[in-house]
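Here are my notes on the model, point by point. Please read them with the structure open.

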Amino acid sequence: MNWKHTAMLENFWYAVELSHEVGTTPTPLRLLGRDYVLYRDGQGRAIALDNQCAHRGASLALGWVEGGCLRCPYHGWSYGTDGQCQHIPADAPGTPIPKRARVQSYPVQERYGLVWMFVGSPDLPADRRPPIPAFPQFESPGRPATYSRHVFDAHFTRTMENAIDTSHALFMHKGAIGASNAPQNTEIDDYEVTLAEYELAASLPIKVNRLNGVMRFVLQQDDPEAHKSYRFALPNITYSAVQFGRYKIESIMVHIPVDDETTVVKSVNIRNFLNRVPGLGHWLDGNTAQVGNKIMQEDDVVVKTQVPQVAPYSDMRQELLVASDATLIAYRKLLKQYAGPAELPEDVIPAERVAR
């Protein structure tokens, strides 16, 4: 299967790893069927390079960081942060290093506890690249975020649309979220999907008869005004916010497309309550991560069975979408629009951010 025909979204900033998981020990990254390596240099900056040494194709992720450079484990070739070879140990001092002795380097940014790598044309100027989506509430949360991780045996177009699917939770997640009367009382009223240049958003009431877990403990009673907000941001981000009265739990989910059959989903989770109660806060951190993992495990059982394997964004007639699937319809239209090289048009001012 060719990624060019399966929603290969080019010239975008991909969130590819949690910041705290990248250190001076090289970390391998497989993205869209290609291999990269992540590491931190002597100044603590996150660096992304192609993983194969220019010499004999060995994995640089098996090497080590030395003097801010990445040294290949096979013959010791050392690469600077720009990917250019700086040292070939087997050559005599003063021997010129061939110009071809280099590996591709990639622009990297860190925001919201995530490492973002620009995947696309190295010649595209920085001001022509679509922006990293804005999540200012994750910049300085009231308490360090918690994290969840799950490996899906599914294509990333499917895991992303699952995360913004509005009508499956009452059937799939009774254990993780709470009791419901499904299939009774599951009707979804018409709702609005807000579109921006590279993302969508929607908000819907939550229909749960009795909550489970943390929120049951916090609220003591169910909130009739509870609602959930959804966002999808190109190329691989979904966001959800569950709000019960003044209590709110928010999550950024990063869908890392390893290859055609595998997607690693990592989430960054924050909340606006019980952030200053040490013992209870730590317990709640663990519970939040546990619930997040349970939800992803429940989703995986079904998502990996979907046919076709790739969400049919180019021909939505392959499935029967209905009114409650408004988020999915908008999502697939965005995929269709940008499945190929994307950049900011010179004469277009970026659309306003979707309200949260």
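1. Terms first. Two strands pair if DSSP finds at least two bridges between them. Helices (H or I, at least four residues) and strands (E, at least two) are DSSP runs, numbered from the N terminus. The model is predicted, so local features need pLDDT of at least 70 and side-chain atom pairs count only at pLDDT 80 or more, while totals for chains, interfaces and linings use all residues. Residues are numbered from 1 along each chain as its sequence is written, and side-chain values use heavy atoms, with hydrogens and water left out.

2. Overall make-up. The chain has five helices and 20 strands. Of its 356 residues, 51% count as buried. Buried means under 20% relative accessible area, exposed over 50%, and partly exposed in between (1.4 Å probe, protein chains only). Contact means heavy atoms within 4.5 Å. Among contacts in the chain with a separation of 6 or more, 62% join residues 24 or more positions apart.

3. A three-stranded sheet. This open sheet has the order S1-S11-S10, with antiparallel pairing. Its edge strands are S1 (12-18) and S10 (108-111), each of which pairs on one side only. Neighbouring strands are turned by 35 degrees against each other on average, direction ignored. For that angle, axes are lines fitted to C-alpha atoms, for helices over the stretch in contact, and angles run from 0 to 180 degrees between N-to-C directions. Four bridges link S10 to S11 (residues 114-119) in the antiparallel sense. Arg 111 stands opposite Leu 114 in S11.

4. S18 (residues 237-244) pairs with S19 (residues 247-259) in the antiparallel sense over eight bridges. Gln 243 has Lys 248 of S19 as its bridge partner. S18 and S19 form a hairpin with two residues between them, and Gly 245 in the turn has a positive phi of about 60 degrees. S19 also runs antiparallel to S20 (residues 262-271), joined by 10 bridges. Here Val 254 is partnered by Lys 266 in S20. The link from S19 to S20 is a hairpin through two residues. S19 is mostly covered, with 10 of its 13 residues buried.

5. Nonpolar cores. A nonpolar core is a set of buried Ala, Val, Leu, Ile, Met, Phe, Trp, Tyr and Cys residues joined through side-chain atoms within 4.5 Å. The largest one holds 61 residues; Leu 31, Met 117, Phe 232, Leu 234 and Ile 252 touch the most other members. Helix H5 (residues 326-338) gives the most to this core, with seven residues. Apart from it lies another core of 16 residues, among them Ile 47, Ala 58, Leu 70 and Ile 88. What does Met 117 touch, not counting residues up to four places away in sequence? Its contacts include Phe 12, Trp 13, Tyr 14, Val 16, Leu 29 and Leu 31.

6. Helix H5. H5 has 13 residues and reaches 19 Å from its first C-alpha to its last, close to the 18 Å expected at 1.5 Å a residue. The expected span is 1.5 Å times one less than the number of residues. Its buried residues include Leu 328, Tyr 331, Arg 332, Leu 335 and Tyr 338. The cover over the buried residues of H5 includes S1, helix H1 (156-163), S14, S15 (199-205) and S17 (227-233).

7. Thr 194. Thr 194 is found in strand S14 (residues 194-195). At 35% relative accessibility, Thr 194 counts as partly exposed. Its C-alpha is separated by 9.3 Å from that of Arg 231, 37 residues apart along the chain.

8. Helix H4. H4 (residues 278-303) has 26 residues and reaches 37 Å from its first C-alpha to its last, close to the 38 Å expected. The buried residues of H4 include Leu 284, Asp 285, Thr 288, Met 296, Asp 299 and Val 303.

9. Cysteines. Cys 69 is buried at 16% relative accessibility. Cys 85 is buried with a relative accessible area of 4%.
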